[in-house]
Amino acid sequence: MLDKPASALRIRERLLESERLMDETGCYDGITELHLRNQDPLKFETLHTKLRAYCVSAREMARRISASPGVREVGEMVVAIYTPEGDAIALSNGIMVHVHTMSRFIKWMIRNGYEENPQIRDGDIFANNDAFIGTVQVPDVMDVVPIFHSGKLVGWAGAVCHELEAGGITPGGDVALAQERFTEGLFVCAEKVGENDELRRDYVIRCERNLRMPIYWVLDEKAKVASCIDMRESVKALIDEIGLDYWMQVSKEFIEEGRRAQLARTRQLTVPGIYRGHTFYGHVTAGKPGYQPLGDPDWLYNIPIEMEITTDGKIIMDFEGTQPWGYHSMNCTPAGMDGGMFVTLTQHMNFEGLVNDGAWMATELKLPHGTWTNPDNEMVATATSWALLLPAYGVFQRLLSRSFIARGFVEEAFVGQVNSPMIEMGGTSQYGTPFGMAHFECAAAGSGALAIKDGLDTAYVGWNPESDMGNIEIWEQNMPMLYIGRSIVPNSGGAGKYRGGCSFLSTWLVSKTDHLRLVTSEHSSRVFDNGGLCGGYPAPTCQKHRAVRDSNIFELAENGAPLAHHTGTNPYRSELEVRLEGEHVTLEGPYITAPHKTGDVFTHSYNGGGGYGDVLERDPVKTAWDVENGFLTRQAAESIFGIVLDEDEEGFPVANLEATKRHRAEMRAKRLARAKPVSEWMAKERERVKAADFAPEVKKMYASAIKLSPRFTGDFSAFWDVDAKSTFGVE
Amino acid sequence: MTSYSKEVIADLVAGTLPWPQTRRIMSAYKDDDRFFKYVAVLQERVGWKDPILLPVGDHLFICQSGDERVTKCECGHSFGDYRRNWKLKAAIIVRDSEETLREIYPNSDLPDPDWMEIREFICPQCGTLHEVEAAAPGYPIVHDFEPDLEGFYRDWLGKPLEPLNKGD
């Protein structure tokens, strides 16, 4: 039943007042006392649990409406309930990164006079996928509906799905080739897309005519609207039960409680101080088809982060010193940066209690204007911002983890998330119809190691704490490729006392199509975009793509000859080259080529996580198990970890503890003999720095950082005792 | 209030606590008395008497050494004043060629040594590998952690540290 507003909403004034109260009191909406919590803590907790149950149940219901394997299989969806001002009170599981981005979307509409035009009325549906308004990237399409009770706006219900096809210049959701906003795909900019609980037909038609695979987007829209209506009706029924005044107060106390809990948790789990770390990202596109010559084709980004934990428990993250935005798809808006912060906090600190926007309020992000974290140009593309977000928040996880280790909560220390390159595709499907899709098995990379155990193998990405690669059979129903292999990549976790989680590699046979466009996004080159901790090594850099065009695979199959099911462990000659005839392709960086057709073979490797601790301390028995099960090679066990393996009578590897001890003593002695004092290395390196004797991309990286950041310039100059500006020719 | 015995904390830190028990600790409310038990466990592990004030790595500690607070390796080697970057006093191996990177990454594609190198920071006394940096050539060595030691002990632990000697 629709509920007509009795009076002008004036929600904009309310939002401004709420922000003023926060500024004045330091507490959310001026809530300095948690009166309702103190009156009846059990009722308080029970109500929040109910709200969370509404969210979880609405999301699960909605996933059954969706046609997209991304949402149905992998769970690329989140829903949340908000205050009238747009602050999250409770949320479901799923892609929690969007809980705060939706908050920005709601506030943006309020600030931009949506009360007057197009008006906010009961039954309205608003949608957005514009990252400068509030999302991470174009495929993250969000829908919100207002919740009215007794003629008053009392909250919002919101839902986000990651769309597998966004209608951009290249197929799929994460539009790899987008170099500015106008090639990213279908934008819905804080638009009223439905009224009276129904999506507008003209909006659906626009989607149907501008997307390669509209069934995903349109049914996801219906799923999101259904979940929002479900949450809205549940909240209204709850208000009937507890009274409107109680709801208006308790919903704000929930958030203030969340804010206080985050500060308390920081004081409980960490150590105050300054933490620093960095990572890098390399983008190589020279000579690749489709890229417009708008900037340098190959570039290197540095991502330094300084995190301060204050004694009152506030976490402040500062990205000063990083690179400017560019004509590529990997820029990020402050909304996306917020989202990355929120989802990381949810996994590492804010995992119990009243999980909501309060946690975000206990943190601060410093995003230098003009950098990829906060572009000063709203025309830039953000279609694949995860490419930089994931490495950046991997650094954040390592910084937080150092604080956990210092405080003694070693079980929470985690070497961090990694970038996980995604495959986008389109063309003609195996059914002879046009199609487009992002393959979401990338949502199961290897995780960084923990400080007490190995990382998760093929089971983690940063954006969704419930990572899932999906079933092969479901993916095969949705694309003209058949799996001929999906296997663990040996040695793909970073080495260490505890190794990083391993990645996997998929090998496909293109089938029943004469036009399959394959594009990969978030694909770093030439550098490590992850790291290790406390002596652990980074996981290997992103792997090159290997493919075979016009292969003889059908002939081999007919003759019962062995096929290639993976690329193997010889970096100089892959299994594809050993087993298959045809045109062999090895391609660095994003994969953008002419369409594939039936009989071609394509491989794509995901990333593993960084290691923890000194490799020479790894457990030999566990390592034997790793070798037996294909996570490590025997060669790596011996040459990197110093573990000597024998074989038992059945040929399985068994650790030789005595020989291992001797071998490790030799390795440690060799390590010491090989190492030189840092001061000696620095003296030599300084000469190279003074001469700026670096690759052009490295020089450009330094010049850009120096131009944008006085702090980076000062630190660089002080460290090397040089004038950074003149060294790199910066005016 | 949640609390665990020193033995449990010792096993947890050593990575030898059975997984179901570790999992329960991860899921439970955190134990507020963890820090000093943790430090006691580490103090028993190291072969020296200087009181550990703060662990800053797997085998790296800030400790009170006479009148000074220094960063110390588990083997006893001192890297000097804890406020300075210990890495500058370490030994280093830099992997900046295909050959040396291949030693750690035997079967994968390698980073371009013109764009990226690996720096291994090693205790010059015992050879423990304390930290690995992956950085572009010429990138300043990062000072990982500058703890607010006084603020931590005073405001969070409620046990202020003795002031350092004047002039320090």
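Me: Which residue in E8(B) does Ile274(A) stand opposite?
Reply: Ile274(A) stands opposite Glu146(B). This is a predicted model, in which local features need pLDDT of at least 70 and side-chain atom pairs count only at pLDDT 80 or more, while totals for chains, interfaces and linings use all residues. Residues are numbered from 1 along each chain as its sequence is written, and chains are lettered from A and ligands numbered from 1 in the order in which they are written.

Me: In what sense do strand E8 of chain A and E8(B) pair?
Reply: Strand E8 (residues 273-284) of chain A pairs with E8(B) in the antiparallel sense, over three bridges. Strands pair if DSSP finds at least two bridges between them; strands (E, at least two residues) and helices (H or I, at least four) are DSSP runs, numbered from the N terminus.

Me: How many residues of each chain are in contact?
Reply: In chain B there are 60, in contact with 77 residues of chain A; contact requires C-beta atoms, placed from the backbone, within 7 Å. E7(B) supplies the largest share of the side of chain B that touches chain A, five residues.

Me: Changing topic, is Ala438(A) buried or exposed, and why?
Reply: Ala438(A) is buried because it has 29 C-beta neighbours inside 10 Å. The cut-offs are 20 or more other C-beta atoms within 10 Å for buried, 12 or fewer for exposed, and partly exposed in between.

Me: Which residues is Ala438(A) in contact with, leaving aside neighbours within four places in sequence?
Reply: Among them are Gly70(A), Leu164(A), Asp174(A) and Met422(A). Ala438(A) itself is found in strand E13 (residues 434-439) of chain A.

Methods: Contact = placed C-beta atoms within 7 Å.
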